Structures are given as C-alpha cells and as structure tokens.
Amino acid sequence: MDKHFKLFFYAGGIFVCYFYYGIIQERITRGVYGSTPETQEKFKCVLALVFVQCITNWLYAHFLLRTFMKQGENLTSSFYLCSSALTYLLAMVCSNMALQWVSYPTQVIGKSGKPIPVMILGVLLGRKSYPIQKYFFVLLVVIGVALFMYKDGHSSANSSGSIGIGEMLLILSLTMDGITGAIQERMRAEYKTKSLHMMSSINKWSILGLGIAIAYTGEIFDFVSFVERHPSIIWELISFSIASAQGQLFIFLMVEHFGPLPCSIVTTTRKFFTVFGSILFFGNSMSNRQWIATFIVFTGLLLDSLYGKKAPAKVEK
C-alpha cells in the first residue's frame, strides 16, 4: 500500500469512526426513546453502556492478538493492569454520565484538557520531565477550557442548580485520565507493554469490575428491560462499540507507521469537527466566547502536537 494512501486511509478511518462514535454517543446518552409521549424516556444505564463497549473492545483486541497482530506474551504486572483498568473505567463512566448534564461540545472541550492532568500526574507518578514550551501550550489549553466553562450572569440565571454536576464529572474523568496515563507510562517503561496487550487486559479487567457493578446495583435488569421496550437501541449500541474499537485500531496503526505526531494532529483535528457535527445534528449552540475558547483550546493542542515534544521524556530509575 502506498505510504501517502495509507496515511490518508488511517486518518480517514480515525475521522469516520470517532465522528460516528461521538454522534451515536450523544444520541444514546441525551436522546429520547419512544414514539409517543407516554412511552418516551431517556437511556440512563451508563454502566451497562460502558460494559458493552468494553466487551467489544476486548473481543476486538483479543481477536487481533490471535490473528493479524500477534505481539507475544504479556508479562506486565497484574497490579498495574488492574490499577489502569480501574482508572480507565472511572474515566469512561464519568465522561458518559456527564452528558446527562452538559452538551456534547462541552464534553469534548472539557475532555480536551486531558494533557493537563496527564502532564501533572506524569511528573508526580510517572517520573517524567517535559520541555518548557509544553507547559506554555498546556497553559493555553487551561485558559481555553476555563473560558469555555465560565458561566456569565446571563447563563447562570438560566441554569439549574445541578448543572455543575456535569462539569464535576468531567473534572473527575480528566483526573482519572491523568492517573491512567501515568500508570501506562510506568507499564511501558518497566515492562515494554504492547498496545494491544494493554487494550485487551485493561478492557478484560474493566468487564469484570463492571459485571459485578451492574449485577450488584440491578442495572443489568433495567438495561435488559429498556432494550426490550426500545429494540432500536441495539444497533446503536453495537455500532457505537465497533466504531470505538475500530477507531482505537486506526490510532494504533497510525502511531506504528507514522509516529505519534501525525496521529496527535489527526485526533486533535477530528475533535474540532466532532463539535461541528454535534451542532449540526443536535442543534447545540455556542456563544462567541465559547467559539473563541474552542479556538484557543485547539490551538494549544495543535502547537503541543507540533512543538511540545522536542525534548524526549525521561524516566528516572
């Protein structure tokens, strides 16, 4: 396959998979199911939603490890794998739950602040060091996210008291992302953990934890009952999970063949277009201040992708 064609194919795959993933995620978590006012209801089984996604991710990674992308034996410590699975799981659950209180553009912009906790916890837990320019680029992201989340007097007057729940969930999700990143840095440094091994193991432990949680809380029964009442959600759940798993594979392939820089630029750009897609499909509107904040956030992310990694990160022994 021609190198340029391969680059556009992988980039296009990331765009298509995650664009579809974002649209269906918003449809499932914020949409209304039912054809009549009496039968209309929202999907609230967030743990079950993540459970389905983790099962699909694990099956996909396991299949690839056994067939096309064999990566040898996984010798990574079970403690690291369990810890990473727990924080990864909490990040996903909080991110999906946040959509019950905030719009999808807000979730995307909020989650774009991921480099902040990743860098902080990378220094504290992962024993990493970063070039000085990276701190400036991440500061741009901080300013942009803060500007986007800021509620002026007008918006506050029209907001319910519980609106802050969504933002708190996003902050918790970002914190978990940072801890996950720090743990995974240690896994790569100490055990040279491969990407599919990481994907397979983390999702396997997540399935175990979520299985216990949905059984203990009884959410599994609510989920089955909801699917019986609204079978149209079955295809959405399946395609949503497949898009997530395939998108992860395209990211792994992009990093493997072209390095993290092109991949980072592609994933940053696709987030920007996902915001546009949410506005077009679901009518989410943004103020001029939020558009400026969005531009600042993605400028910081793009500059970080291009110039924030000149000095290689160091891991102390």
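**View A. Ser201 is a buried residue of helix H9.** Its relative accessible area is 8%, where buried means under 20%, exposed over 50% and partly exposed anything in between (1.4 Å probe, protein chains only). You're looking at a predicted model, in which local features need pLDDT of at least 70 and side-chain atom pairs count only at pLDDT 80 or more, while totals for chains, interfaces and linings use all residues. Residues are numbered from 1 along each chain as its sequence is written, and side-chain values use heavy atoms, with hydrogens and water left out. Leaving aside residues up to four places away in sequence, Ser201 touches Asn74 and Leu81; a contact here is heavy atoms within 4.5 Å.

**View B. Trp205 also sits in helix H9.** Once residues up to four places away in sequence are set aside, Trp205 touches Leu81, Cys82 and Ala85. Trp205 and Leu81 are 124 residues apart along the chain, yet their C-alpha atoms are separated by 7.7 Å.

**View C. Helix H3 packs against helix H9 (residues 195-217).** Helices (H or I, at least four residues) and strands (E, at least two) are DSSP runs, numbered from the N terminus. The two axes lie 8 Å apart, at an angle of about 65 degrees. That angle makes H3 roughly perpendicular to H9. On the H3 side the contact uses Leu81, Cys82, Ser84, Ala85, Tyr88 and Leu89, and on the H9 side Ser201, Ile202, Asn203, Trp205, Ser206 and Leu210. Sorted by class, that gives eight nonpolar residues, four polar and no charged. For the angles, axes are lines fitted to C-alpha atoms, for helices over the stretch in contact, and the values run from 0 to 180 degrees between N-to-C directions. Under 35 degrees counts as roughly parallel, over 145 as roughly antiparallel, 65 to 115 as roughly perpendicular, and the rest as oblique. For the classes, Ala, Val, Leu, Ile, Met, Phe, Trp, Tyr, Cys and Pro are nonpolar, Asp, Glu, Lys and Arg are charged, and the others, Gly among them, are polar.

**View D. Helix H2 (residues 46-66) crosses helix H3 (residues 78-98) at roughly 130 degrees, with the axes coming within 10 Å.** So H2 is oblique to H3. H2 passes H3 in a right-handed crossing. H2 brings Val46, Leu47, Leu49, Val50, Gln53, Cys54 and Asn57 to the contact, and H3 brings Tyr88, Leu89, Met92, Val93, Asn96 and Met97. The tally by class is 10 nonpolar, three polar and no charged. As for handedness, a crossing is left-handed if the near helix is turned anticlockwise from the far one by less than a right angle, and right-handed if clockwise.

**View E. Helices H2 and H9 make a left-handed crossing.** How do their axes meet? They come within 8 Å and cross at roughly 150 degrees. From H2, the residues in the contact include Phe51, Trp58, Ala61 and Leu65, while those from H9 include His197, Lys204, Gly211 and Ile214. By class, the contact has 16 nonpolar, six polar and one charged residues.

**View F. Phe9 and Tyr10 belong to an aromatic cluster.** The cluster is formed by Phe5, Phe9, Tyr10 and Phe250. Phe9 is partly exposed, at 41% relative accessible area, whereas Tyr10 is buried, at 8%. A search of the whole structure finds 12 aromatic pairs. In the pair of Phe9 and Tyr10, the ring centres are 6.1 Å apart and the planes stand at 55 degrees, so this pair is tilted. Rings of Phe, Tyr and Trp (its six-membered ring) pair if their centres lie within 6.5 Å; planes under 30 degrees apart are stacked, over 60 edge-to-face, and the rest tilted.

**View G. Tyr104 is a buried residue in helix H4 (residues 104-111).** Its relative accessible area is 3%. Tyr104 and Ile279 are 175 residues apart in sequence, and 8.8 Å apart in space, C-alpha to C-alpha.

**View H. Lys192 lies in the loop between helix H8 (164-191) and H9.** Its phi is near 55 degrees, a positive value in a residue other than glycine. At 61% relative accessibility, Lys192 counts as exposed.
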